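I opened the notebook to record what I looked up in this structure, beginning with the ring contacts and then working through the strands.

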Amino acid sequence: MGRRAISIALAVVCLAVLLGATGLFAISRETSYMQECASEGFAIDGFYRDEKTSRETLAFLEEDNCRWQLVDQDGSCTNGQFKRTDDPNILVLKKENGEEFGTVHVAYISRRRNQGQIYLIRNTEVTRFYLVSTDPAFTVESGDVDADV
């Protein structure tokens with residue numbers, strides 16, 4: 001084997017080791033994030049859209065008295081507060097009048113917060129929502145959107 005072949009082989013081995021270490025680091029970081037969120041809860045703040053029709057929206061803002069809002073397919077708004085349960089990724093939604101509305105199960109929010117899925121369970125119906133934006137947007141009575149930043 002010539003010097004050139006040994007140099008190329010060594011470069012390939014070094015590159016493979018570097019790529020492997022980078023991959024392990026990324027997996028370790030994501031695993032650590034998922035473990036933390038499983039025990040502490042995912043950050044829920046944001047604006048979500050239903051997966052089936054894209055006509056229902058759900059918004060959350062934890063800093064503002066744990067506020068939530070559902071805008072249904074007809075444009076009707078339901079507002080209230082939410083509370084995390086013993087499982088921090090399960091939220092109990094209550095309407096403004098204190099009546100229980102349903103529960104939300106936070107399935108996943110990516111570390112970069114650019115994708116996520118939650119499930120709204122009300123009565124016997126389950127609706128899957130996907131994260132649209134980490135900036136919560138609430139509809140006000142005029143029909144305009146109030147973006148809380």
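**Aromatic pairs**

I searched the whole structure and found four aromatic pairs, where rings of Phe, Tyr and Trp (its six-membered ring) pair if their centres lie within 6.5 Å, and planes under 30 degrees apart count as stacked, over 60 as edge-to-face and the rest as tilted. For Phe 60 and Phe 82 I read 5.4 Å between the ring centres and 85 degrees between the planes, so I logged this pair as edge-to-face. Phe 60 belongs to strand β2 (residues 57-61) and Phe 82 to strand β4, so the pair ties together parts that are 22 residues apart in sequence. Strands here, like helices, are DSSP runs numbered from the N terminus, a strand being E over at least two residues and a helix H or I over at least four. I found both Phe 60 and Phe 82 buried, a word that stands for under 20% relative accessible area, with exposed meaning over 50% and partly exposed what falls in between (1.4 Å probe, protein chains only).

I next took Trp 68 and Phe 101, a tilted aromatic pair at 5.0 Å centre to centre with 35 degrees between the planes. Trp 68 sits in strand β3 and Phe 101 in strand β6 (residues 100-109), so this pair ties together parts that are 33 residues apart in sequence. Trp 68 counts as buried because its relative accessibility is 0%, and Phe 101 is buried too, with a relative accessible area of 16%. I also noted that ring pairs link Tyr 48, Phe 60 and Phe 82 into a cluster.

**Provenance**

I noted that this is a predicted model, in which local features need pLDDT of at least 70 and side-chain atom pairs count only at pLDDT 80 or more, while totals for chains, interfaces and linings use all residues. Residues are numbered from 1 along each chain as its sequence is written, and side-chain values use heavy atoms, with hydrogens and water left out.

**The barrel**

I traced the strands and found a closed barrel of eight, running β1-β2-β3-β4-β5-β6-β7-β8 with antiparallel pairing; two strands pair if DSSP finds at least two bridges between them. The twist averages 30 degrees from one strand to the next, with axes taken as lines fitted to C-alpha atoms (for helices over the stretch in contact) and angles running from 0 to 180 degrees between N-to-C directions.

Strand β1 (residues 46-50) pairs with β2 in the antiparallel sense over four bridges, and Gly 46 stands opposite Phe 60. Their hairpin has six residues between the strands, and Ser 54 in the turn has a positive phi of about 60 degrees.

I then checked burial along β2, where five of its five residues are buried: Thr 57, Ala 59 and Leu 61 point one way, and Leu 58 and Phe 60 the other way. On the β3 side, five bridges join β2 to β3 in antiparallel fashion, and Trp 68 is the bridge partner of Phe 60. Five residues lie between β2 and β3 in their hairpin, with Asn 65 in the turn at a positive phi of about 60 degrees.

β3 (residues 67-71) and β4 (residues 77-84) run antiparallel and are joined by five bridges, with Arg 67 opposite Gln 81. Arg 67 also lies over the face of Phe 138, at 3.8 Å from the ring centre; the criterion is NZ of Lys or CZ of Arg within 6 Å of the ring centre and within 35 degrees of the ring normal.
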